[in-house]
Amino acid sequence: MTDQALPLATSRVERRTRSFNLPNFVARAIKYLLLSLAAFVSIFPFFWMVVGATNRSVDIGIGKATFGDQLFVNAANFFATVDAPRIFWNSAFIALVGTVLTLAISSLAGYGFEMFRSKFRERIFTLMLLLLSIPFAALMVPLFVMISSFKLVGTVAAVVLPGIASIFIIFYFRQATKAFPGELRDAARVDGLNEWQIFLYIYLPTMRSTYAAAIIIVFMANWNNYLWPLIVLNKPEQKTATLVISALTSSYTPDFGMILFGTILATLPTLVIFFLLQRRFVEGMLGAVK
Amino acid sequence: MANARLGRTEHITGWTFIAPALVLLGIFMLYPILWSLWMSFQVGKGMNFNFGGFANIVRLTKDPVFIRALVNTLTFLVVQVPIMIGLALLAAVALNDPKLRFRGFFRTAIFLPCVTSLIAYSTLFKSMFATDGVVNNMLMAVWIIQEPIHWLQDPFWAKVLIIIAITWRWTGYNMVFYLAALQNVDRSIYEAARIDGASGWHQFWYITVPMLKPVILFTTIISTIGTLQLFDEVNNITQGGPSDSTLTLSLYIYNLTFKFMPSFGYSATVSWVIVLLVAVLSFAQFVIARDRSK
């Protein structure tokens, strides 16, 4: 077990001396080897997804890991089988509405809990943290009955509403707000801004990284959401990409070439958002953990 | 106290900031929780139910499928969470070395899996782990196994497959929390330990782990909750099979409510088992974490 642990903490002192030292060299080699293995395992399924989309289903079944010439056939099959523009529009619309509303409501609450403390509100906050541990499975049934009694089954509202006030995101914003400089707020007050103006014109621009990290988390959660939309979206024309592609895989003889082409399309938006916001994401996480 | 400085208008402003969230949480969280607690004492099919006392709890103890799902869920929890937390910690410590080459590449690569949608990765794993699939081919090529593993058909390997899948998806996510927390650990502590002759393993175990304890606790609890609620992966990779070997509590609740003739009361009772497990395990994790610090 020391073989694995040693390379993790290769000393700076030792490395500064730059003298060749065999155990140290081996330790570093093992460290790079293990990291490369981890990177390979992490990336391989992405490679497989792209390769698979260019192969026939039969070849995927026998593990052919080289590029084939079936990309256009798979694409054509995919567009012929599913109403792609519609399902991706459904997914995008739900994810966008969900993200905007969640960020608005939850960041306001996180800011409010941190900036205006009172004994009573602290108690509410503690109660909320307790609720955080209630699993969704416990809420699923009553939520469904409630949504049906509101006659909302099959609407975007049904998908989005239960998630807007996210305790996790409220908690995240409260933690991040602790780093928001109080002098900025005081200065803004002296300049005559009211509390809402301070939030809009001072807090929002200052906390860009925090919002970026939250956008990544919330957008991904909404775009990838599966169980709840599966329950409340019952009309075919409202199904999201996630639901439709999942249904394709559970057919008796799934056409994996076509399905993998679909999963590329379904993964692209979250990949793009991640790479666009990556730097801010890391900063935002740092702000919240500090 | 901060609230001593709060004027009356500020006090009201404070409520306006949090009111929308509180109203929504009341409707979509607090009310369903109370409703489900009440439901768990009702028996009957569909929307016809009447008070059954502890009938549902008695039914739990006699329901082999429930016991199966409970054991499966706990197996996933006990095996998967420690592996994932350990891997994430090791990766974070390795990547925290400022002199490491290709740091950005390794970090992005290991984080990348959690960008994928659950459906995309379920599909990928299902096709990669087919009996004649690419994973078996690779393992056979490097002589780790002699003959193909029946990942999707064998009850034991199906569980292993689910564990591999979840670990692949979530290790990078946990790693980011540790990387962020490691930024706050003063490097000079490690220098001092090194001069005192502490080995790499000792530094990891006696400096890194205690320093990161709050974050480790947080991620362990989040992962515990996540694993106890496991649904998407098992529903899409194995559909709970073969012969219920990967059936989880969440999947069972879903089946009880939306696949069979709905029995809301009983499925509410099963869901309260999850709540209870989360509560007990979170509490235990807090206690263990506190004992360690003494």
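Visitor: How many salt bridges are there between chain B and chain A?
Guide: The count is zero. Please note that this is a predicted model.
Visitor: And how many residue pairs are in polar contact across that interface?
Guide: Seven residue pairs meet the rule, with both residues at pLDDT 80 or more.
Visitor: Which helix gives the largest share of the side of chain B that touches chain A?
Guide: That is helix 2 of chain B, residues 8-39, from which 22 residues come.
Visitor: How do the residues on that side divide into nonpolar, polar and charged?
Guide: On the side of chain B that touches chain A, 61 residues are nonpolar, 25 are polar and eleven are charged.
Visitor: What area do the two chains bury between them?
Guide: Chain B and chain A bury about 9,000 Å², and carbon and sulfur atoms account for 77% of it.
Visitor: Which three residues supply more of the area on chain B than any other three?
Guide: They are B:Phe17, B:Phe28 and B:Val115, which supply 9% of the area that chain B buries against chain A.
Visitor: How many residues are in contact?
Guide: In chain B, 97 residues are in contact with 102 residues of chain A.
Visitor: Changing topic, which residues form the nonpolar patch on the surface?
Guide: The patch consists of A:Leu34, A:Leu37, A:Phe40, A:Val41 and B:Met138, and together they have about 430 Å² of accessible area.
Visitor: Which helix gives the most to it?
Guide: Helix 3 of chain A, residues 22-52, gives four residues to the nonpolar patch. A:Phe40 is found in this helix.

Note on methods: Residues numbered from 1 in each chain as written. Chains lettered and ligands numbered in written order. Predicted model: local features only at pLDDT ≥ 70, side-chain atom pairs only at ≥ 80, totals over all residues. Heavy atoms only, no water. Contact = heavy atoms within 4.5 Å. Buried area = accessible area lost by both parts, 1.4 Å probe. Salt bridge = Lys/Arg side-chain N within 4 Å of Asp/Glu carboxyl O. Polar contact = N/O pair within 3.5 Å; in protein donor to acceptor, adjacent residues only side chain to side chain. Helix = DSSP H or I, 4+ residues; strand = E, 2+ residues; numbered from the N terminus. Nonpolar A, V, L, I, M, F, W, Y, C, P; charged D, E, K, R; others polar. Patch = residues over 30% accessible without salt bridge, like charges linked within 9 Å, V, L, I, M, F, W, Y side chains within 5 Å. Areas by Shrake-Rupley, 256 points an atom, 1.4 Å probe, with all protein chains shown as cover.
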